Amino acid sequence: ELQVDLNAGKLRWGELSSKGTRLFSKTKPGEMMKKIESVGENFNDYPTLIYDGPFSDHMTSGKARGLTGDEIDAETAKGKVSEFFGKDKVQEVTELGKNDHGPIKTFDFEVKLKNAPKDQAVYVSVTRKGGHINWMLNNRPVEEEKLDMDKAKAAGIKFLREKGFEGMEENYYLKEDNTATINYAFRQDDVTMYPDLIKLKIALDNGEVVGMEARQYLMNHTEREIPEPAVSMEEARKKVNDDMEVYSSGLAYIPTDYREEIFCYEFRGKLDDRDFIVYINALTGEEEDILMIVNTPNGVLTM
């Protein structure tokens, strides 16, 4: 019902926290939770969208290692918003309130951009520690697809560099409604850091970044002391099914359900015409995880 109201323009993203509560209060006690739980159950057997990262739901509690800088006030945060979009492009920034929940506390804003329709706004969340952009969503319609994925990925890298995110590399993507949501992971010394993810939503009409989620990066990012593998790549390869044709390999950190990171060899390959990624612990030689890749016309999923 909320989605219908949003699509019809009856409800705006910035009103969800207040109006959403009133809408939920009209339902019978327990009815809303039953609905939500039933939705969750229905998704148990669905493939995971790999653009969210095969490990993106991990390590989202605890201390935010990527938050740097001092505590700022709302006015300073508003200035950070103008800097992010470019002061010459911003018409008005309105504070919507603050979020005190979880390890990343934020100020939230609605932004009106110059030369944009009056009813079209951008929403952005800024961390109270350091003034980092936590997430951003521009709800402008994207009517057509002009850019291919290579150009979209390059536009994302350019955007991240301009915003101070160095060493990021695109991994997986999903195309939908003339936009591409692309997953970028931090690379340190040729090791992929899957805990340090940023997702960008890129408009395929002109390459503009219309969405950004940096929460996982802010939770986990740090310069790591990478150890020497105790197991050679050749030894780790022996732990992979002999019938799997490995077409690429490398080193990566993957997160676990227990807010830990594991240093692994990452082997990508084919078995029985299916694509797999196998993770072998680079310190113990133990198999840590196997992902089956499902390719679709619009993106890549994993099970």
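Select Asp-100 to begin: Asp-100 is partly exposed, with a relative accessible area of 43% (buried means under 20%, exposed over 50%, partly exposed in between, with a 1.4 Å probe and protein chains only). The model is predicted, so local features need pLDDT of at least 70 and side-chain atom pairs pLDDT 80 or more, while totals for chains, interfaces and linings use all residues. Residues are numbered from 1 along each chain as its sequence is written, and side-chain values use heavy atoms, leaving out hydrogens and water.

The side chains of Asp-100 and Arg-128 form a salt bridge at 2.5 Å, N to O (a side-chain nitrogen of Lys or Arg within 4 Å of a carboxyl oxygen of Asp or Glu). Asp-100 is in the loop between strand 2 (90-99) and strand 3 (106-113), and Arg-128 in the loop between strand 4 (122-127) and strand 5 (133-138), so the pair ties together parts 28 residues apart in sequence. Strands are DSSP runs (E, at least two residues), numbered from the N terminus. Arg-128 is buried, at 14% relative accessible area.

Move to Glu-144 and Lys-146, whose side chains meet in a salt bridge of 3.6 Å, N to O. Glu-144 is partly exposed at 42%, and Lys-146 is exposed at 57%.

Now select Arg-187 and Asp-190, a salt bridge of 3.7 Å, N to O. Arg-187 is partly exposed at 26% relative accessibility; Asp-190 is exposed at 61%.

Finally, display Arg-65, Asp-196, Arg-224 and Glu-261, which are linked in a network of salt bridges. The whole structure holds 14 salt bridges.

Notes:
Helices (H or I, at least four residues) and strands (E, at least two) are DSSP runs, numbered from the N terminus.
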